[in-house]
Amino acid sequence: MASSSLVDGTAVEEAAGIVEPSTANKEGDATDVLVREKSREFPLGDSPSLGPQSTVNPFHEPKNKSVLQLLKTLLLLPLFLLRVVCLVTLMALGYVFIRLALLGVSDPLFKPFNRFRRASLWTVRAGARAVLFTMGYYYIPVKGRPAHRSQAPIIVCNHISFVDPIFVFYRHLPVIVSAKENVEMPIVGVFLKALQIIPVDRVSAESRHHAAGNIRRRAIDNKWPHVMLFPEGTTTNGQAIISFKTGAFSPGLPVQPMIVRYPHKHVNPCWADQGGPLVVLFHLMTQFVNYMEVEYLPVVVPTLKEIRDPHEYADRVRRMMASHLGVSCTDHNFVDVRLALAARKLQQPAGQSLVEFACMEKLFHLNFATAQDYLTKFSEMDHLHSGVITMQDFLKALDLPHTQDTEQVFHLFDKNGDGQINFREFLAGLAFVSKHTSFAQTIKAAFKACDSNGDGVLSRDEVARSLHNMFPELPDPKISHLFDTLDLDHNGSVSWEEFSNFLQRNPEYLAVIMAARPNLLKAPEEP
Ligand SMILES: [Ca+2]
Ligand SMILES: [Ca+2]
Ligand SMILES: [Ca+2]
């Protein structure tokens, strides 16, 4: 590989304005500087715009710890105990009635119940309403009317609490989609059989595909009840409508949106941050009264374009629901919840890890595992757990000096230009580099450029020379340290596997190499 493809230290300083362009430069060098000036833009182009980060945290609910609340809880303990007795009795009765109603049914999940059997399940539906009553939901105002299933076979609803499925059970006894292992659960499984769930194995793409087909088949067959979906796929605190999964929309059939609200002063029945359903249930049952409102919105019929593009259809419905609820739409999804949990373990401010993951999935096809790796990396760089990385943190983590190139990479990450990189910017920056179509090719080119004798491995000298060319001020011990980091098996040379694995795990270094050597991809290939 010609040495001209390695960045010349003087050129860096000239381009950075550190030294005057030397008049003694040969014509070729002057052209190099011009090329550098022109290519100040990052060699892979600019990373896609992220748009402003939502200020809403749909997964957080502050705990109410006022003295008044505590006193009220103590005062209502006898009522709580009474309610628990009622609840347990209702559950037991419900269980028995379902077992009776399903007598003689061998495959409740695959064949619609006949009229008689559905009628016999009304006892259980009434029981579900009584359960809501024991939770303090005495009167539930309902606005609008559910459409007949022939007009809208699918109902979609926002999801805040375990309270909304209980209401849906009472009001519709619909078909729902549920994890297949839930059917095997001791008591819950029997209730799910009454709902004739569409079982899905969450980890299997084939199973999810199969479930999508099942939703469609049941939706078009009037022998089945309504198909009911919570397209957000997880619960929120009700302050936003988050990203929708397309399961309810891909059949291309009319849907009826239904919205639930829980007006409250003291206890929001959402699970967010509140310590699980039993804790929420305890708080609900130590209130005199709880409030819930339900509203059925007009049926939405998809346009031809929306039938072809379920994402567009889902988006229209979700905007409609958000506007009726008076909340914003965000691109959060379940991965944000998982990342927030991981962030808490890493002592990162939980709100910072909410990146609106649906947007990351769309832009970069990122998955949870990669995002979690990047979160760990971010947390190592952000040693003060402040939720942001400064230029100093960045250089310290990379163990590189402050040059025009490292600064360029920092700015590539710092999309909003506020001088710090938050996790969302970090994730997008790393994803932009590592998911770029030229990523693998660039690693290859960088390896070739470094392997000056072309023997297929990088010696200590070769690595040192390349690093020196990029960072003339980098002291020898640091160069040595970087070499040792690359040489995982400590055999004194860096193999292609070691080099490529390192850059795949640490795309920020490849970004620095690209900034330092913008012509890397244009360099002529070795024969
Ligand atoms: Ca920033
Ligand atoms: Ca070599
Ligand atoms: Ca090695």
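**Entry 1: terms and model**

I take an axis as a line fitted to C-alpha atoms, for helices over the stretch in contact, with angles running from 0 to 180 degrees between N-to-C directions. I take helices (H or I, at least four residues) and strands (E, at least two) from DSSP runs, numbered from the N terminus. The model is predicted: local features need pLDDT of at least 70, side-chain atom pairs count only at pLDDT 80 or more, and totals for chains, interfaces and linings use all residues. Residues are numbered from 1 along each chain as its sequence is written, while chains are lettered from A and ligands numbered from 1 in the order in which they are written.

**Entry 2: confidence**

I looked up pLDDT, the predictor's confidence in each residue, from 0 to 100. The protein chain has a mean of 88, and 91% of its residues reach 70 or more. Over residues 1–39, pLDDT stays under 50. For residues 1–39 I noted 43 contacts beyond four places in sequence, two residues being in contact if their C-beta atoms, placed from the backbone, lie within 7 Å. Where pLDDT is low, the predicted coordinates should not be read in detail.

**Entry 3: the transmembrane annotation**

I consulted UniProt, whose unreviewed entry lists residues 75–98 and 119–140 as "transmembrane region". UniProt positions are given in the numbering used here, feature names are shortened, and annotations may be inferred rather than shown by experiment. In the model, residues 75–98 are 96% helix and 0% strand, with end C-alpha atoms 36 Å apart. Residues 119–140 are 68% helix and 0% strand, and their end C-alpha atoms lie 23 Å apart.

I then examined helix α4 (residues 77–101) and helix α6 (residues 122–134), whose axes come within 10 Å and cross at roughly 165 degrees. That makes α4 roughly antiparallel to α6 (angles under 35 degrees count as roughly parallel, over 145 as roughly antiparallel, 65 to 115 as roughly perpendicular and the rest as oblique). The crossing of α4 and α6 is left-handed, the term used if the near helix is turned anticlockwise from the far one by less than a right angle; clockwise is right-handed. On the α4 side the contact includes R83, C86 and L87, and on the α6 side T123, V124 and G127 are among the residues. By class, the α4 and α6 contact has 9 nonpolar, 4 polar and 1 charged residues. Ala, Val, Leu, Ile, Met, Phe, Trp, Tyr, Cys and Pro count as nonpolar, Asp, Glu, Lys and Arg as charged, and the others, Gly among them, as polar.

**Entry 4: the EF-hand annotation**

The unreviewed UniProt entry places "domain: EF-hand" at residues 401–436, 438–473 and 474–509. I found residues 438–473 to be 64% helix and 6% strand, with end C-alpha atoms 29 Å apart. Residues 474–509 are 67% helix and 6% strand, and their end C-alpha atoms lie 15 Å apart.

**Entry 5: contacts of α23**

Helix α19 (residues 439–450) packs with helix α23 (residues 507–516) at an angle of about 65 degrees, with axes 11 Å apart. That makes α19 roughly perpendicular to α23. Their crossing is left-handed. T442, I443 and A446 of α19 meet L510, I513 and M514 of α23.

Helix α18 (residues 423–434) has its axis within 9 Å of that of α23, crossing at roughly 70 degrees. The α18 contact with α23 is made by L430, V433 and S434 of α18 and P507, E508, L510 and A511 of α23. I counted its residues as 5 nonpolar, 1 polar and 1 charged.
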